[in-house]
Amino acid sequence: MPERTIHFGTFRLDLANECLWSRNKKIHQTPKDFAVLSYLVTNHGRLVRKEELLRAVWSGTVVTEGSLKVCIRRIRRVLGDNATAPRYIETQHRRGYWFIGRVQRINGSGALRRASCIIYYIILGLSIGEILL
C-alpha cells in the first residue's frame, strides 16, 4: 500500500486528502503549492531539478522558473523555513531543490503505525485530546 501520510518536523502531509497539517491545524495551500511540496517530500534525499518539477507540476502548461520560485517562497513561508539556513527545502543554485527534512512515512494501516504516530505527537507535546481531533 503506498504511503498516505508523511510526517516531517511538526508537519503532516496528507497525500490522500491533499492537505498539510501543523500539529492539529490545517494549513491552507494553493493546489500548486501542495503539488510542489508533495513532489519534493516524496522525493526527499535527492536533488529534484527545476525542469523535473516544472514537468511534474505544470505538465502541459508553459510557465517560467519564476513561477516555481514564487511557489517555493510561499511553501517556505508556510513551513517557517529560511532559504539561507534551510531546515526543509535547500536550493541548489541553478539546478533545483532538495528536501532535506527528516521524513516518516505512514500508510495508515496497523496498530503499530497508529501507536507510533500517537507517541510521535506526545513527544511534540500534544495531549491525547488534541491527537484525536
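R74 counts as partly exposed because its relative accessibility is 30%, where buried means under 20% relative accessible area, exposed means over 50%, and partly exposed lies in between (1.4 Å probe, protein chains only). This is a predicted model, in which local features need pLDDT of at least 70 and side-chain atom pairs count only at pLDDT 80 or more, while totals for chains, interfaces and linings use all residues. Residues are numbered from 1 along each chain as its sequence is written, and side-chain values use heavy atoms, with hydrogens and water left out.

The partner of R74 is D33, with which R74 forms a salt bridge whose closest N and O atoms are 2.8 Å apart; a salt bridge here is a side-chain nitrogen of Lys or Arg within 4 Å of a carboxyl oxygen of Asp or Glu. This pair links distant parts of the chain, since D33 belongs to helix α1 and R74 to helix α3, 41 residues apart. D33 counts as buried, because its relative accessibility is 4%. By the rule given above, the count comes to three salt bridges, and they are set out here.

| Salt bridge | Closest N and O atoms |
|---|---|
| D33 and R74 | 2.8 Å |
| R46 and E52 | 2.5 Å |
| K50 and E65 | 3.3 Å |

The salt bridge of K50 with E65 also links distant parts of the chain, with K50 in helix α2 (residues 50–57) and E65 in helix α3, 15 residues apart. K50 is buried, with a relative accessible area of 9%, whereas E65 counts as partly exposed at 34% relative accessibility. In the pair of R46 and E52, R46 counts as partly exposed at 32% and E52 is buried at 16%.

The helices named here are DSSP runs of H or I with at least four residues, and strands are runs of E with at least two, numbered from the N terminus. The axes of α1 (residues 31–42) and α3 (residues 65–79) come within 9 Å and cross at roughly 80°, where axes are lines fitted to C-alpha atoms, for helices over the stretch in contact, and angles run from 0 to 180 degrees between N-to-C directions. That makes α1 roughly perpendicular to α3, a label for angles of 65 to 115 degrees, while under 35 counts as roughly parallel, over 145 as roughly antiparallel and the rest as oblique. In this contact (heavy atoms within 4.5 Å), K32, D33, V36, L37 and L40 of α1 meet L68, C71, I72, R74, I75 and L79 of α3.

The axes of α2 and α3 come within 10 Å and cross at roughly 85°, which means that α2 is also roughly perpendicular to α3. Here K50, E51, L53 and L54 of α2 make the contact with E65, L68 and K69 of α3.

Three bridges join β5 to β7 (residues 96–99), and W98 in β7 is the bridge partner of L47.

Notes
Pairing = 2+ DSSP bridges.
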